[in-house]
Amino acid sequence: MLRKSVSVFLVAVMTAGLLAGCGSPGNNMAGQDTEKIGADEPSADADQALAEDAPGSSDLSGQEPYTVRIVADGFGSDEACAEISAAVSEITRAKFNTDVELVRYDFATYVDKVQTELASGEKIDLLGGVSDISIPSAASQGQVLALNELLESDGKDILADISVEDLGSTSVGGQVYAIRNNKELGLGLGFACNAEMLESLGIDYSNIKSEADMEPILQAVKEKYPDVYPWGSDSGAMGDFLLAVDWLGRDFGVLMDSFDDSDTTVVNFFTSDEYYELCKRRYEWSQKGLIMPDASINTEQVASLMGAGKVFCATTETKPGIESQWERNTGIDITIIDVVPDYTMTSNLNNYWFIPYTSEQPERAMQVLNEMYSNPDVANLLIYGIEGKYYEFVDEENGVIDYPEGVTSDSLGYTVTAWHFPNELIAHKWVTDGADIWEDTIQFNKDCHPSQAKGFVWDSADVTNEVVACMTVKNKYLKGLNTGDVDPDTIWEQMKEEYEEAGIQKIIDEKQKQLDAWLAENK
């Protein structure tokens with residue numbers, strides 16, 4: 001449940017949205033908590049008022065002309081962005097007298113370019129965000145606008161579809177500052193393995209429930225395929241820890257076990273006993289040749305190494321379609337070994353859309369965002385591009401698509417990442433994901449175990465200096481420890497001292513205080 005200061009607004013607006021029958025087919029997330037607080041049955045007069053106020057009931061085509069500038073992550077050539085912008089504009093111009101201008105920046109430079117634009121005051125009407133853009137930080141710095149009133153006036157399809165709990169996860173001080181993408185809203189953890197190699201081992205892997213349980217398989221790979229690294233790093237990273245940790249905002253201070261509803265103690269994961277044991281095990285495995293040598297300085301993507309037959313497995317988040325995603329990236333058959341059961345936390349709502357302070361007409365931005373969220377034609381254009389040139393149907397009845405003949409991801413000039421846009425669940429399905437991918441995703445979201453802290457939003461404003469200092473310590477040691485390149489016994493006490501000097505306890509204390517207050521109000 002959301003903070004009480006948000007509830008009054010959301011109860012009224014979301015109840016109205018649901019009663020008015022808003023939202024696109026397939027949007028409603030089965031199983032999400034959309035319970036309203038103290039909602040009375042509407043009168044006939046209220047029904048009439050709600051119907052008149054329903055999305056689409058007002059003619060907005062007579063507004064003054066305006067262009068909504070959309071900035072999203074992922075590569076898009078100037079030609080591709082211009083072509084897709086023109087196609088989307090045909091739809092939005094007819095409805096709102098609004099054109100759109102789509103700009104995409106590649107993942108490596110996205111955050112830096114966005115921060116530069118925001119600092120210079122450049123016009124951005126809609127901003128797609130990833131976890132690197134902190135909602136509390138962006139809100140406190142005035143970079144993004146509060147959306148409550150805009151959602152009520154121009155975002156009713158969004159309000160009809162997103163639960164109170166999820167809106168609370170993108171709110172600060174009673175104000176909604178971001179709209180989370182409609183995608184998988186949780187995760188499991190496991191290993192992505194070369195299916196052919198795995199089957200050839202003849203080992204039963206159905207009882208693997210922890211990272212430690214993988215040792216016999218890795219050892220068997222080493223013996224049978226001496227030229228293959230059993231476990232590889234992804235450009236020097238091995239950061240999926242196969243533990244059900246609630247990261248509480250992804251800097252410092254976590255709940256160690258999202259499935260344990262009795263323990264609300266915030267701890268520093270990076271000096272915990274669990275992390276030490278993980279690092280020690282990986283160091284020992286590295287010494288045995290079960291992890292690729294010098295994994296922390298590997299510069300190649302693990303998918304490429306697996307596709308080339310140089311690596312057997314890698315850790316992965318798990319969700320519906322993850323097997324086919326790995327197969328697209330590696331070009332080989334993949335088997336996923338599930339280790340950590342599916343769970344959900346605030347950090348899983350890590351792709352958002354904002355309206356920045358530089359939007360000249362925020363209400364026009366919200367109109368377009370609502371359309372991006374609710375209109376399948378707009379969603380498909382932004383995610384996949386132009387039919388016939390960027391994709392073609394292989395099963396039109398079920399909305400299944402693939403690249404046209406002769407077109408590849410490398411030649412497309414446009415990154416296809418459905419989950420980076422507001423609502424992949426109303427879009428076409430990629431052929432390797434199958435026709436049921438969105439239904440499976442909805443069921444996945446329904447079945448994920450919620451962390452007791454889901455909805456808690458960490459505000460690090462009062463410990464910014466300490467977070468920066470601790471991040472320096474973390475970056476100094478993380479890759480070496482995660483990959484098994486460094487024996488934790490040689491640096492552990494020194495690392496703990498450096499965290500203490502950097503102010504880790506102040507961060508832990510502040511996060512514990514905020515979490516305790518949130519739990520007292522919401523549980």
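**Exercise 1. How many bridges join β12 to strand β13, and which way do the two strands run?**

The model is predicted: local features need pLDDT of at least 70, side-chain atom pairs count only at pLDDT 80 or more, and totals for chains, interfaces and linings use all residues. Residues are numbered from 1 along each chain as its sequence is written, and side-chain values use heavy atoms, with hydrogens and water left out.

Step 1. Strands are DSSP runs of E with at least two residues, helices are runs of H or I with at least four, and both are numbered from the N terminus. Two strands pair if DSSP finds at least two bridges between them.

Step 2. β12 and β13 (residues 400–402) are joined by 3 bridges and run antiparallel. E392 has D402 of β13 as its bridge partner.

Step 3. The two strands form a hairpin with 4 residues between them, and G399 in the turn has a positive phi of about 70°.

**Exercise 2. Describe how α3 packs with α15.**

Step 1. Helix α3 (residues 78–96) and helix α15 (residues 376–384) pack at about 170°, with axes 9 Å apart. Axes are lines fitted to C-alpha atoms over the stretch in contact, and angles run from 0 to 180 degrees between N-to-C directions.

Step 2. The two helices are therefore roughly antiparallel (an angle over 145 degrees).

Step 3. Contact (heavy atoms within 4.5 Å) is made by I84, A87, V88 and I91 of α3 with D377, V378, L381 and L382 of α15.

**Exercise 3. Name the residues with the most contacts inside the largest nonpolar core.**

Step 1. A nonpolar core is a set of buried (under 20% relative accessible area, 1.4 Å probe, protein chains only) Ala, Val, Leu, Ile, Met, Phe, Trp, Tyr and Cys residues joined through side-chain atoms within 4.5 Å.

Step 2. The largest has 77 residues, and Y275, F312 and W326 have the most contacts inside it.

Terms used:
Parallel < 35°, antiparallel > 145°, perpendicular 65-115°, else oblique. Buried < 20%, exposed > 50% of the residue type's maximum accessible area, 1.4 Å probe, protein only.
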